[in-house]
Amino acid sequence: MAENIVTLNDGTFNDAISADTPILVDFWAEWCGPCRVIAPVLEEIAGEHAGLTIGKLNVDHNPMPAAQHDVMSIPTLILFQDGVEKKRIVGAAPKHRLLQELAEFL
């Protein structure tokens with residue numbers, strides 16, 4: 001796993017999204033097939049873009065941040081910077097589309 005991938009939980013979430021470095025939070029669950037499909041793509045992106053942190057938040061074990069940010073389906077990827085949501089991507093997407101969506105933050 002890339003160094004810039006962190007596992008988040010209810011206790012660490014708010015501090016992580018408040019950083020000035022962009023963090024792309026992956027709201028996921030173990031039983032979610034599309035979540036498993038997108039996981040290696042996120043690892044590739046993390047390995048190629050050291051300036052972007054990727055946070056993994058298991059919504060089954062940590063439901064509060066998902067509820068606070070109106071995550072209704074998974075996977076949902078939300079890019080935060082300085083505690084503010086800057087971009088939201090719902091559903092599994094191919095790498096080229098994710099890179100297009102995130103280009104201004106990479």
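Mentor: Start with Asp 70, which lies in the loop between α3 and β4. Helices (H or I, at least four residues) and strands (E, at least two) are DSSP runs, numbered from the N terminus. This is a predicted model, where local features need pLDDT of at least 70 and side-chain atom pairs count only at pLDDT 80 or more, while totals for chains, interfaces and linings use all residues. Residues are numbered from 1 along each chain as its sequence is written, and side-chain values use heavy atoms, with hydrogens and water left out.

Trainee: Why does Asp 70 count as exposed?

Mentor: Its relative accessibility is 53%. Buried means under 20% relative accessible area, exposed means over 50%, and partly exposed is in between (1.4 Å probe, protein chains only). Asp 70 is at 53%, so it counts as exposed.

Trainee: Where does Asp 82 lie, and why does it count as partly exposed?

Mentor: Asp 82 lies in the loop between β4 and β5. Its relative accessibility is 49%, so it counts as partly exposed. Asp 82 also has a positive phi of about 55° without being a glycine. The hairpin of β4 and β5 has two residues between the strands.

Trainee: How do you know that β4 and β5 pair?

Mentor: Count the bridges. Two strands pair if DSSP finds at least two bridges between them. Six bridges join β4 to β5, and the two strands run antiparallel. Thr 76 stands opposite Val 90 in β5.

Trainee: How many bridges join β2 to β4?

Mentor: Five bridges join strand β2 (residues 23-28) to strand β4 (residues 76-81), and these run antiparallel. Val 25 stands opposite Ile 78 in β4.

Trainee: What makes β1 and β5 edge strands?

Mentor: Look at the order in the sheet. The open sheet has five strands, ordered β1-β3-β2-β4-β5, with mixed pairing. β1 (5-8) and β5 (84-90) each pair on one side only, and they are the edge strands. The twist averages 25° from one strand to the next.

Trainee: How do you know that Cys 32 and Cys 35 form a disulfide?

Mentor: Check the distance. Their sulfur atoms are 2.4 Å apart, and a disulfide is a pair of cysteine sulfur atoms within 2.5 Å. The count comes to one disulfide by this rule.

Trainee: Why is the disulfide of Cys 32 and Cys 35 called right-handed?

Mentor: The torsion about the S-S bond is about 80°, so the disulfide is right-handed.

Trainee: Are Cys 32 and Cys 35 buried or exposed?

Mentor: Cys 32 has 3% relative accessibility, so it counts as buried. Cys 35 is buried too, with a relative accessible area of 3%.

Trainee: Why is α2 called oblique to α4?

Mentor: Helix α2 (residues 33-48) and α4 pack at an angle of about 50°, with their axes 10 Å apart. That makes α2 oblique to α4. Angles under 35 degrees count as roughly parallel, over 145 as roughly antiparallel, 65 to 115 as roughly perpendicular and the rest as oblique. Axes are lines fitted to C-alpha atoms, for helices over the stretch in contact, and angles run from 0 to 180 degrees between N-to-C directions.

Trainee: Which residues in α2 and α4 meet?

Mentor: Ile 38, Val 41, Leu 42, Glu 44, Ile 45 and Glu 48 in α2 meet Lys 95, Leu 98 and Leu 99 in α4. Contact means heavy atoms within 4.5 Å. Helix α4 (residues 95-102) lies across β2, β4 and β5, and runs at about 160° to β5.

Trainee: Why does Lys 56 count as buried?

Mentor: Lys 56 sits in strand β3 (residues 53-58). Its relative accessibility is 17%, so it counts as buried. Leaving aside neighbours within four places in sequence, Lys 56 is in contact with residues including Ile 5, Asp 26 and Trp 28.

Trainee: And why does His 69 count as buried?

Mentor: His 69 has 18% relative accessibility, so the label buried applies. Its place is in the loop between α3 (63-68) and β4. Beyond its neighbours within four places in sequence, His 69 is in contact with Phe 13, Ile 17, Ile 78, Phe 80 and Arg 88.

Trainee: Which peptide bond is cis?

Mentor: The bond from Ile 74 to Pro 75 is cis, with omega near 0°. Pro 75 is in the loop between α3 and β4. Most peptide bonds are trans.
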